[in-house]
Amino acid sequence: MRRFACRFAFVGALVYALVPAPAEACGEPEDQCDWTPQPVPDGVAPTATAIPADGELELVVDGGNDSDAWSLAVEVYDALGVAVPGTFIARDTFGRTTWRPSAPLRPDERYLVVARVVTEPSGPYPECDGMAFETVIDALAPAGPSEPPEVTFSTSWEVAQEGAGLGTLACCDGASPRWEYESDPSYGCNGSGEELRWPDDGCFVVDGHGRLVVEYRMVAVDGTDPSERWLMRVVTEGNVAHDDDRGGDVSTSQGAPGCARVELRDRVLGTIHAETYCHGDDDDTERFGEMAVDISESLAEHCEGAPYVCEVVDNEWDPWRCRTWPVREDAPYIDSPLAPEVEPGPVPPFADGGCAVAGRDGGWWAVGWIAAVVLVRGRSGSRRSTRASRHSARARVAARES
């Protein structure tokens with residue numbers, strides 16, 4: 001009876017091990033149209049309810065991080081329902097979404113603005129619904145020409161942290177960085193690759209780069225807020241910084257002496273005024289480049305023991321090759337500060353002469369275990385069969401001799 005029960009358990013374990021575990025759902029929430037950030041916009045609105053008759057209409061689009069999935073169409077109608085010709089730009093060089101009439105609007109009249117988000121049938125999210133938005137704007141008196149505002153700037157130095165890497169971190173109190181596989185739910189089951197992670201407040205980036213921070217600000221000559229009419233962007237080699245918060249200032253940083261082109265665009269007339277500013281000289285050379293980041297305040301706040309770094313072996317920290325930080329040349333290794341890895345426990349044995357099947361972890365260990373048991377039992381049975389055959393042969397020989 002026990003033999004039958006054990007064989008039944010073996011067969012059941014084999015079937016359980018070979019049946020694939022149910023796949024976990026990828027992406028949260030299930031409706032990909034509601035992912036954050038949303039692939040298709042869920043809102044469009046103008047930045048003002050009235051514009052100068054010779055000005056342009058600026059729109060703000062909420063969401064819509066995948067530009068291949070949708071497009072925006074804007075139409076403007078006068079009080080009689082006649083379409084007003086104009087030029088729509090989904091994103092201009094200053095990072096704005098604008099519509100500009102081909103000819104000045106009629107002052108003191110109202111216009112209907114209709115904006116439609118159209119999803120592309122051949123795009124990655126054809127099932128996401130587009131949306132329509134309608135609003136009324138008033139045309140004001142023409143604004144006319146305006147003098148560009150004055151641009152002022154201030155400079156300061158910083159040591160910017162480099163990107164986190166195994167060779168740029170120092171840790172304390174048993175913490176260590178390690179690679180973890182990350183899956184981005186915004187792209188379903190497709191993983192976004194490995195990312196370097198470490199316990200909160202346990203590791204700190206210690207390598208940095210000296211940079212010069214330059215903050216540009218618009219100052220109107222007539223005392224009014226210049227950002228109501230002017231936009232600013234700063235163009236440097238390989239980078240463009242915009243006034244994203246519409247506050248009239250732009251901050252940039254540079255890792256070497258260089259120049260920047262500051263452009264101001266008239267939001268009414270569309271004209272652009274530009275000037276060039278240069279910063280840094282030969283006397284500042286030593287303040288640029290690689291240098292250590294000051295993490296003393298972070299260490300005092302979050303660490304009890306001394307910080308340390310470990311050598312990188314096979315793209316991992318080697319826990320037996322660690323030194324205190326800052327690392328001195330030819331400094332000796334220290335006792336491993338990292339917590340030992342937890343080894344997996346043994347498979348639970350049979351109890352009271354019965355048979356047991358441990359919980360499944362991956363499934364294939366059970367197949368190997370069952371195969372080994374079957375092989376041993378098969379060999380044992382084969383040996384018993386051989387001994388029985390030999391005993392029977394001896395009995396037949398003895399019978400013939402007698």
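This is a predicted model: local features need pLDDT of at least 70, side-chain atom pairs count only at pLDDT 80 or more; totals for chains, interfaces and linings use all residues.

**Exercise 1.** Determine how the lining of the largest pocket divides by residue class, and state which residues lie closest to the centre of this pocket.

*Solution.* 
Step 1. By class, the lining of the largest pocket holds twelve nonpolar, eight charged and five polar residues.
Step 2. The volume of the largest pocket is about 520 Å³. Its lining comprises 25 residues, and those closest to the centre are Ser227, Glu228, Arg229, Trp230 and Val268.

**Exercise 2.** Identify which element gives the most to the lining of the largest pocket.

*Solution.* 
Step 1. At least two lining residues come from each of β2 (50-52) and β3 (57-62).
Step 2. The most is given by β2, which contributes three residues.

**Exercise 3.** Describe the second largest pocket by volume, central residues, contributing elements and residue classes.

*Solution.* 
Step 1. In its lining of 18 residues, Val61, Ala90, Arg91, Gly95 and Thr97 are nearest the centre.
Step 2. Two or more residues of this lining are given by β3 and by β4 (70-77). The largest share is that of β3, with four residues.
Step 3. Sorted by class, the lining of the second largest pocket contains seven nonpolar, six polar and five charged residues.

**Exercise 4.** Which strand supplies at least two residues to the largest pocket and also the largest share to the second largest pocket?

*Solution.* 
Step 1. For the largest pocket, β2 and β3 each reach at least two lining residues.
Step 2. For the second largest pocket, the largest share comes from β3.

Technical notes
Residues are numbered from 1 along each chain as its sequence is written. Side-chain values use heavy atoms; hydrogens and water are left out. On a 1 Å grid over the protein atoms alone, a cavity is a set of points where a 1.4 Å probe fits but cannot get out, and a pocket is an open set with protein on both sides within 12 Å along at least five of seven lines; lining residues have an atom within 4 Å of a point. Grid points are joined across faces, edges and corners, and a volume is the space filled by probe spheres set on the points. Ala, Val, Leu, Ile, Met, Phe, Trp, Tyr, Cys and Pro count as nonpolar, Asp, Glu, Lys and Arg as charged, and the others, Gly among them, as polar.
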